[in-house]
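Visitor: I'd like to learn how to read a model like this one, feature by feature. Can you walk me through it?

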Amino acid sequence: MAFDFKKEYKELYPSKDKPSIVKVPKMNYIVVRGKGDPNDEDSEYKTTIGLLYGIAYTIKMSKMGDHQIAGYFDFVVPPLEGFWWQDGNNEGIDYAHKDDFNFISAIRLPDFATKADFDWAMVEATQKKKQDFSKVEFLTYDEGLCIQCLHVGSYDDEPATVAKMHEFMIENGYELDVQNPRYHHEIYLSDPRKCAPEKLKTVIRHPIKKANEA
């Protein structure tokens with residue numbers, strides 16, 4: 001049976017809409033960076049998502065080819081994630097001004113996949129798919145202490161869940177710590193192409209620190 005990150009790391013993929021404090025370990029990702037409103041039909045966000053999946057599935061299928069990845073095990077490609085921010089905004093994100101969004105779209109890599117394996121996948125995918133994958137990067141990210149919560153519903157309704165998270169954060173002696181490179185983070189457990197907006201499941205995660213901590 002293929003290894004499923006959502007099942008094996010349940011503390012990082014909550015199934016209930018209740019805020020919790022979590023220490024997120026360092027992880028490797030494949031990422032694409034961009035700007036603009038993700039809802040625009042021809043947005044940079046929508047046109048680059050396929051690049052991530054192209055590399056992720058090349059690594060997943062590497063066992064079928066000549067490239068041998070040390071410690072390889074079969075795995076379910078983890079869900080798409082997104083880090084979002086607006087220049088000069090340290091309060092999370094302002095949903096009313098999506099044109100100002102900066103994003104890093106990401107897919108988590110298994111721990112066994114190294115930078116060398118990523119480099120191989122970039123060459124392999126470019127040759128086989130005849131696409132330009134040059135926007136895709138390998139990123140090691142240490143997210144650290146965060147508050148998170150499962151949001152059920154439309155992305156535009158996220159502010160209510162964020163408000164609940166921040167109330168829980170303050171009650172437990174923490175404060176927001178949104179600053180480069182710590183961002184508003186979303187993990188998309190549902191495929192918006194196949195799921196009604198009111199049933200979408202998204203993990204929202206914000207970086208925090210102890211209140212009054214230097």
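Visitor: How many of the 214 residues of the protein count as buried, in percent?

Guide: Buried means under 20% relative accessible area, exposed means over 50%, and partly exposed lies in between, with a 1.4 Å probe and protein chains only. Here 50% of the 214 residues count as buried. Keep in mind that this is a predicted model: local features need pLDDT of at least 70, side-chain atom pairs count only at pLDDT 80 or more, and totals for chains, interfaces and linings use all residues. Residues are numbered from 1 along each chain as its sequence is written, and side-chain values use heavy atoms, with hydrogens and water left out.

Visitor: What does the secondary structure come to?

Guide: Helices (H or I, at least four residues) and strands (E, at least two) are DSSP runs, numbered from the N terminus. This protein has four helices and nine strands, in the order α-β-β-α-β-β-α-β-β-α-β-β-β from the N terminus on. Its radius of gyration is 18 Å, close to the 17 Å that the globule rule gives for 214 residues, so it is as compact as a globular protein of that length. That radius is taken over C-alpha atoms, and the globule rule is 2.2 Å times the number of residues to the power 0.38. The C-alpha atoms fill a box of roughly 55 × 35 × 35 Å along the principal axes.

Visitor: And which residues have the most contacts inside the largest nonpolar core?

Guide: A nonpolar core is a set of buried Ala, Val, Leu, Ile, Met, Phe, Trp, Tyr and Cys residues joined through side-chain atoms within 4.5 Å. The largest one here has 60 residues, and I30, I55, I59 and V136 have the most contacts inside it. Helix α2 (residues 44-60) gives the largest share of this core, seven residues. For contacts in general, the cut-off is heavy atoms within 4.5 Å. Leaving aside neighbours within four places in sequence, V136 is in contact with I30, V31, V32, L51, L52, I55, F118 and M122.

Visitor: How do I read a strand? Which way do the residues of β8 point?

Guide: In a regular strand the side chains alternate between the two faces of the sheet. In β8, H184, E186 and Y188 point one way and H185 and I187 the other, and all are buried.

Visitor: Which strands pair with β8?

Guide: Two strands pair if DSSP finds at least two bridges between them. Strand β3 (residues 80-85) pairs with β8 in the antiparallel sense over four bridges, and E81 has I187 as its bridge partner.

Visitor: What about β9 itself: is it enclosed or open?

Guide: Eight of the ten residues of β9 are buried, so it is largely enclosed by the rest of the structure. β6 pairs with β9 in the antiparallel sense over seven bridges, with L150 opposite V203. β7 pairs with β9 as well, antiparallel over three bridges, and E175 has K209 as its bridge partner.

Visitor: Let's zoom in on one residue. What does the side chain of Q148 reach?

Guide: A polar contact is a pair of N or O atoms within 3.5 Å; within protein, one must be able to donate a hydrogen and the other to accept it, and residues adjacent in sequence count only if both atoms are side-chain atoms. Q148 sits in strand β6 (residues 144-152) and is buried at a relative accessible area of 0%. Its side chain reaches the backbone oxygen of E11 at 2.7 Å, and a polar contact of 3.0 Å joins the side chains of Q148 and R205. Beyond four places in sequence, the residues that Q148 touches include P14, M165 and I204.
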